[in-house]
Amino acid sequence: MLWTQRTPAKPTTSLHSYVSNLRGILEPDRPARTPSRILVSSPEGYALRLDDDAVDAWRFESAVRRARAVSCAEAGPLLDEALGLWRGDAYGEWGPGSWVDGEIARLDELLLMAHELAMASSLGAGRPHEVVPTAEAHVRRHPLREEGWRLLALSLWATGRQGDALAALRRAAAVCAEELGLGLGARLVELERAILRSDLDVLSAAVPAPATPSTSIAVVERPSPRAGPVVGVTGAPGVPAAVGSGAAPASPAPFVGRHRELEVLEQAAGAGLGGGAVALVAGEGGAGKTALLARFADSLRARGWTVAAGRCPDDAGVPAAWAWTEALGELARLLPPEHVGPLSTLIDPLGATVPPHGDATAGRFRLHTAFARWLASAAARCPLAVIIDDVHEADEETLALLGRAAGVQGVPLLVVAAYRQGQADSRLAPTMAALARRDPFRVVLTGLDVTEVRTLVRSLCGREVDAEVVAVLAERTGGNPFFVGESARLLTAGGDDAAQAVARVPDGIRDVVRQRLARLPQEAADVVRLAAVAGSETHVAVLREASGLSPTAVVGTLELCIADGLLTERAPGHVSFTHPLLRDTVYGDLTGLRRGLLHGRLADTLASLRPDDLPALAVHFTRSGDPAKARQAVAFALRAAELAEHRYAHDVSVDLLHQALDAAELIPARADERAERAVGLLGALLRAHVRAGSGDAAIVTRHRALEVAERAGREDLAVAAFTAWTEPTPWLTRSHQGVDLHVVDALDRLIVRPGLAPADLARLLQARVDELPEDADGRARVAAEQQLGLARSAGHPNLLAAALTTMTKLLPHETQAARCIPVVAELRALTKRHDLPAYRWVCEQVDAMISAIGNDSEAVERHARLGLAVARRYRRTDDGAPVQVWSCHGAANQQWVWNLKL
């Protein structure tokens with residue numbers, strides 16, 4: 001149809017004129033009055049006669065047809081060429097409802113099929129790691145295409161991420177149910193069964209095992225608009241050839257010495273076979289802890305042990321308890337738990353999207369119990385070694401789980417923890433004290449002797465080195481293997497003159513790193529700096545996008561850095577620094593301005609390539625210091641804090657919320673909006689402080705929120721500041737000795753504010769009672785009774801438990817013990833029905849005081865023991881470690897027992 005509106009007066013004449021002009025454009029060199037060979041006359045009117053490769057849509061269809069008929073290896077280039085023909089939407093110049101709608105729909109469907117065929121070809125060619133990011137982006141754009149979900153699950157499974165593969169299929173099922181009201185298709189159901197059965201025949205049919213490994217890096221363009229793989233590193237040294245083999249990456253340097261240290265670890269393994277043992281490995285940075293553990297792990301595997309290993313990275317952008325995610329992910333592939341349940345928050349790195357139900361303390365206890373039961377069950381089936389490296393960088397939840405693992409006894413389980421000497425600070429001290437009670441085997445790594453230094457230098461330099469040079473190296477490095485290795489690499493760049501070689505040996509490890517970095521071409525040095533900002537380990541695709549270099553340039557620079565020993569390929573598609581000291585030095589030498597710029601680039605790249613990596617996104621957006629990115633920084637930090645809460649890593653949540661507050665200061669906004677945002681963030685921070693056991697910090701945070709609300713003149717925000725305290729803290733006392741009349745006056749004003757929700761009013765009344773613990777004028781008693789009435793009508797267990805606890809504080813045990821007893825009985829029944837351990841402790845505490853008033857020493861002792869048991873069961877950091885303030889009151893009760901007996 002040529003005219004969609006008014007037809008011209010002489011349509012035939014107009015059409016002939018248009019055709020004549022079009023022929024002149026299509027064939028400008030055609031002689032006059034000769035027939036056209038392209039736009040020809042036909043019985044139906046006019047027709048285009050073109051070669052098969054003259055129209056990009058025809059070439060695209062032809063390439064897709066040929067790709068279906070060839071091998072996966074041959075199909076990849078064909079599909080890359082076909083998808084590269086697309087430069088936008090098909091017939092994008094025509095609007096909807098046009099004559100070409102049917103052809104647009106046909107080509108769009110063919111395009112999606114080509115994308116999926118390209119991913120399937122990459123899988124069939126043995127490159128599953130390249131498919132993961134592409135498939136993830138595909139299912140986000142087209143969530144109803146089951147083939148995309150199938151390819152995503154297969155690629156995850158093939159890269160050893162069995163838990164992620166099952167999580168992807170669960171996401172697909174949720175989408176189908178919500179959008180279509182249907183279940184998964186037959187192919188996805190069968191794939192899910194195969195993953196659960198670990199049926200590797202199904203996997204190998206789609207993803208063949210790789211051939212002889214080679215150290216090459218394959219890089220292609222981004223997944224949009226082409227469907228090729230993003231980036232991958234194939235045949236990295238030490239990468240397992242088979243899925244789930246659990247092999248450890250090979251060490252980039254030769255292993256020298258450490259015979260005595262290995263003997264101690266072998267003794268620990270022997271003790272572990274007898275019912276459990278603990279080993280601690282300590283050493284300064286670069287002493288070779290990781291290399292020693294890798295050597296020991298290989299020895300254990302050779303003797304039939306199951307080894308689950310994890311490392312605590314020093315990156316702020318990794319999820320909480322990451323070392324256990326690594327270790328348990330490996331264990332899940334080899335000896336999966338009978339029931340995943342709460343363990344899913346540990347096994348699935350970023351998949352925890354549902355908040356924990358009920359009391360956080362009880363939920364954490366259930367997780368730790370399931371964790372210990374799984375380790376005991378796995379060890380009972382096969383001797384198990386759990387190795388956690390770099391414990392000095394661990395967060396609180398990692399340390400808590402380490403303590404629980406060390407407490408598993410009666411099965412062949414060896415727990416090994418390695419940490420850097422001099423960095424075992426007060427945060428690590430309780431865990432070390434608890435592990436000491438297990439009488440651990442201890443290994444302290446000192447420097448290599450001169451003979452061992454000579455062996456190491458000869459191996460790295462590929463030749464004998466003058467004895468004088470070796471002696472200087474041994475002296476200046478203290479025999480530190482990493483320092484020796486880095487210095488030896490500098491020697492390979494010089495001549496053979498001993499005096500000159502000695503002069504080139506730096507006095508400090510950071511000087512060594514700076515000299516090595518200075519030898520690199522500028523482009524390579526820039527990529528190394530970007531990698532340092534990205535973290536200790538990053539994906540090659542992220543470096544390519546953030547650097548703005550071509551794929552070929554990125555490959556060249558990375559291969560140069562790998563050959564020079566600065567970087568290594570630890571897993572397909574990932575590069576990391578060969579030692580944390582390298583990364584620390586490179587990052588530390590960057591100016592603040594340069595760091596902010598590189599963090600900003602990485603933030604934008606990750607938002608595009610890895611939108612679910614919340615901790616990393618939070619760190620890079622926040623550290624960019626860019627006001628234009630501040631809103632995203634706050635949003636990602638909040639989501640990452642929620643993820644940490646799902647893992648009960650409350651200290652990590654606190655850090656992330658501090659990041660959110662810092663970023664919020666950069667957001668340009670009106671005063672009211674800034675106040676609302678600040679009070680909301682401070683409320684979240686307050687709750688995280690309480691869950692982390694930092695009551696004083698929570699009180700300070702509430703004061704900050706109240707100050708913000710008062711400066712803004714907003715009583716609604718003041719209500720939010722007080723009612724943000726939703727966590728049970730019956731043991732907490734005020735941080736000040738006298739009455740804070742300012743806070744009391746504020747509460748008196750807020751309590752009479754009209755329109756308050758019952759739950760908010762109940763919490764305000766509780767805060768009012770807590771601020772005036774002395775009930776001289778009876779106002780506190782009236783407030784407590786009003787709170788109890790509101791809590792009963794609301795029907796919320798935590799509100800009611802808090803109100804009952806408030807009543808026990810206001811009933812003097814000396815004169816009103818009889819009235820207090822039924823209140824405690826109701827509270828005790830409530831804690832049993834709803835699993836509220838904090839208030840269960842209150843019951844034991846109050847009953848102990850009532851028993852003391854009645855001079856019943858046996859009852860006091862019994863309730864004190866029960867209270868201490870609750871405290872240790874739910875709030876310990878590890879076996880035998882000092883519990884928080886809960887146990888102090890129990891100790892006081894025991895003092896009463898001794899006084900009564902006297």
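The structure is a predicted model, in which local features need pLDDT of at least 70 and side-chain atom pairs count only at pLDDT 80 or more, while totals for chains, interfaces and linings use all residues. Residues are numbered from 1 along each chain as its sequence is written, and side-chain values use heavy atoms, with hydrogens and water left out.

The protein has 40 helices and 12 strands; helices (H or I, at least four residues) and strands (E, at least two) are DSSP runs numbered from the N terminus. Of its 902 residues, 51% count as buried, where buried means under 20% relative accessible area, exposed means over 50%, and partly exposed lies in between (1.4 Å probe, protein chains only). The accessible surface of the protein comes to about 40,800 Å², and 53% of this belongs to carbon and sulfur atoms; such areas come from the Shrake-Rupley method with a 1.4 Å probe, and for residues only the protein chains shown count as cover. A contact requires heavy atoms within 4.5 Å. Among contacts between residues at least 6 apart in sequence, 69% join residues at least 24 apart.

Strands of a sheet pair through backbone hydrogen bonds, in either a parallel or an antiparallel manner. Two strands are taken to pair if DSSP finds at least two bridges between them. An open sheet of 5 strands shows parallel pairing in the order 6-7-8-5-9. Its edges are strand 6 (306-311) and strand 9 (441-445), each of which pairs on one side only. Neighbouring strands of this sheet are turned by 15 degrees against each other on average, direction ignored. Within the sheet, 7 bridges link strand 5 (residues 277-283) and strand 8 (residues 413-420) in the parallel sense, and alanine 277 stands opposite leucine 414 in strand 8. Helix 11 (residues 289-302) lies across strands 5, 6, 7 (384-389), 8 and 9, running at about 165 degrees to strand 8. For such angles, axes are lines fitted to C-alpha atoms, for helices over the stretch in contact, and the angles run from 0 to 180 degrees between N-to-C directions.

A further open sheet contains 3 strands in the order 10-12-11, with antiparallel pairing. Strand 10 (537-539) and strand 11 each have a single partner strand, so one side of each is left without a neighbour in the sheet. The twist from one strand to the next averages 35 degrees. Strand 12 (residues 574-577) is joined to strand 11 (residues 567-571) by 3 bridges, and strand 10 and strand 12 pair over 3 bridges. Serine 576 of strand 12 is the bridge partner of threonine 568 and also stands opposite glutamate 537. The hairpin of strands 11 and 12 has 2 residues between the strands, and glycine 573 there takes a positive phi near 80 degrees. Helix 24 (residues 551-563) lies across strand 11 and strand 12, at about 100 degrees to strand 11.

Not counting residues up to four places away in sequence, valine 457 touches Gly462, Val465, Leu473, Val484 and Ala488. Glutamate 261, in helix 10 (residues 259-273), counts as buried because its relative accessibility is 6%. Beyond its neighbours within four places in sequence, glutamate 261 is in contact with Leu292, Val443, Val444 and Leu445.
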